[in-house]
Amino acid sequence: WLDLQLLQQGFQPQRKIQLLEGATVGDILKKISEYKKVPQSQIFLTEARWTDNAHCLCRMGPKTAGALEAPIPYSAAVPIQVKLHRNEVPESCVSLGGVEDLDDLPNILTVEAKVLRTSLTKEECLQLQDDLIAAYSEDSVQERLNKLKDRFEKEGLAGNKYARLLSDILLPAQRKVLPRWGFEAPPKGVPQMLAAIHPHEVDPDVDLKAVILN
């Protein structure tokens, strides 16, 4: 469940969003555009993110809703409002920009997922791998991976326990990437992604990026 409010300063009325499994920002915007009778291109969603988790550094100013301010450097001091990509999965409260009110929206907005994809072209496969590499390379992920590696070397963790802990670390990064490509959020989306990549595994370019990821 998500809270939805306007991207404006001060107290704002809210609606509830029941986000069904696999649904993304794009599905939410589609549903809102149908109720509000406005083009999807006119509206957008933002979410408060701590900057080490904010892969989109577009600060959304409440005074000029809909206008992007200059990119800002990373800072862990305060969360910022970032504009969400259509294929992302929101995490908590989201703000709606591009409209002046929440009129015509029901108190509970149920959003279903679009049809999940089952295949990738080679080019899409390579781009997906690049997105995963970028997500795994974030400082917060690397820090946790290094701690797990040190623990494994010092304590000699069992293979199955190490694999479970590794999966837990990579899960938030995968959650950012997989829905963007039309797969369910992990853990269900992981085998879907692997199945779509499988036909390209013999390709040397794909295989090289797979080695980097592993």
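These entries go from the whole chain down to single residues.

**Entry 1: the whole chain.** I began by reminding myself that this is a predicted model. I then counted elements and found 6 helices and 6 strands in the protein chain. Reading along the sequence, I wrote down the pattern β-β-α-β-β-β-β-α-α-α-α-α. Next I looked up burial: of the 214 residues in the chain, 38% are buried. For the accessible surface I noted about 12100 Å², with 54% of that belonging to carbon and sulfur atoms. I also checked contacts between residues with a separation of 6 or more, and 71% of them join residues 24 or more positions apart.

**Entry 2: the largest pocket.** How much space lies in the largest pocket? I noted about 750 Å³. It has 28 lining residues, and the closest to its centre are Tyr-136, Leu-170, Ala-210, Leu-213 and Asn-214. The elements that give two or more residues to this lining are H2, H3 (139–155), H4 (159–177), H5 and H6. Which element gives the most? That is H4, with 6 residues. I sorted the lining by type too, and got 18 nonpolar, 7 polar and 3 charged residues.

**Entry 3: one side of helix H5.** I picked helix H5, residues 189–197, and asked which of its residues are buried. My list reads Gly-189, Met-193, Ala-196 and Ile-197. They span an arc of only 100° around the axis, so they sit on the same side of H5. What covers them? The cover includes helix H2 (122–136) and helix H6 (204–213).

**Entry 4: Gln-129.** I stayed with helix H2, where Gln-129 is found. Is this residue buried or exposed? Its relative accessibility is 2%, and the cut-off for buried is under 20%, so Gln-129 counts as buried. Leaving out residues up to four places away in sequence, I found that Gln-129 touches Val-206, Lys-209, Ala-210 and Leu-213. Two of these names were already on my page: Ala-210 and Leu-213 are among the residues closest to the centre of the largest pocket.

**Entry 5: two prolines.** Pro-172 lies in helix H4. I looked up its relative accessible area, which is 44%, so Pro-172 is partly exposed. I also took a C-alpha to C-alpha distance: Pro-172 and Val-141 are 31 residues apart in sequence and 8.9 Å apart in space. Pro-187 lies in the loop between H4 and H5. The peptide bond that joins Pro-186 and Pro-187 is cis, with omega at about 10°. That made me stop, because most peptide bonds are trans.

**Entry 6: two positive phi angles.** Lys-37 has a positive phi of about 60°, although it is not a glycine. Where is Lys-37 found? I placed it in the loop between helix H1 (25–36) and strand S3 (44–49). With a relative accessible area of 73%, Lys-37 is exposed. Asp-104 is not a glycine either, and has a positive phi of about 80°. It lies in the loop between strand S5 (94–97) and strand S6 (108–111). At 55% relative accessibility, Asp-104 counts as exposed.

Technical notes
Residues are numbered from 1 along each chain as its sequence is written. This is a predicted model: local features need pLDDT of at least 70, side-chain atom pairs count only at pLDDT 80 or more; totals for chains, interfaces and linings use all residues. Side-chain values use heavy atoms; hydrogens and water are left out. Buried means under 20% relative accessible area, exposed over 50%, partly exposed in between (1.4 Å probe, protein chains only). Helices (H or I, at least four residues) and strands (E, at least two) are DSSP runs, numbered from the N terminus. The arc is that of the directions from the helix axis to the C-beta atoms. Contact means heavy atoms within 4.5 Å. Accessible areas come from the Shrake-Rupley method with a 1.4 Å probe; for residues, only the protein chains shown count as cover. On a 1 Å grid over the protein atoms alone, a cavity is a set of points where a 1.4 Å probe fits but cannot get out, and a pocket is an open set with protein on both sides within 12 Å along at least five of seven lines; lining residues have an atom within 4 Å of a point. Grid points are joined across faces, edges and corners, and a volume is the space filled by probe spheres set on the points. Ala, Val, Leu, Ile, Met, Phe, Trp, Tyr, Cys and Pro count as nonpolar, Asp, Glu, Lys and Arg as charged, and the others, Gly among them, as polar.
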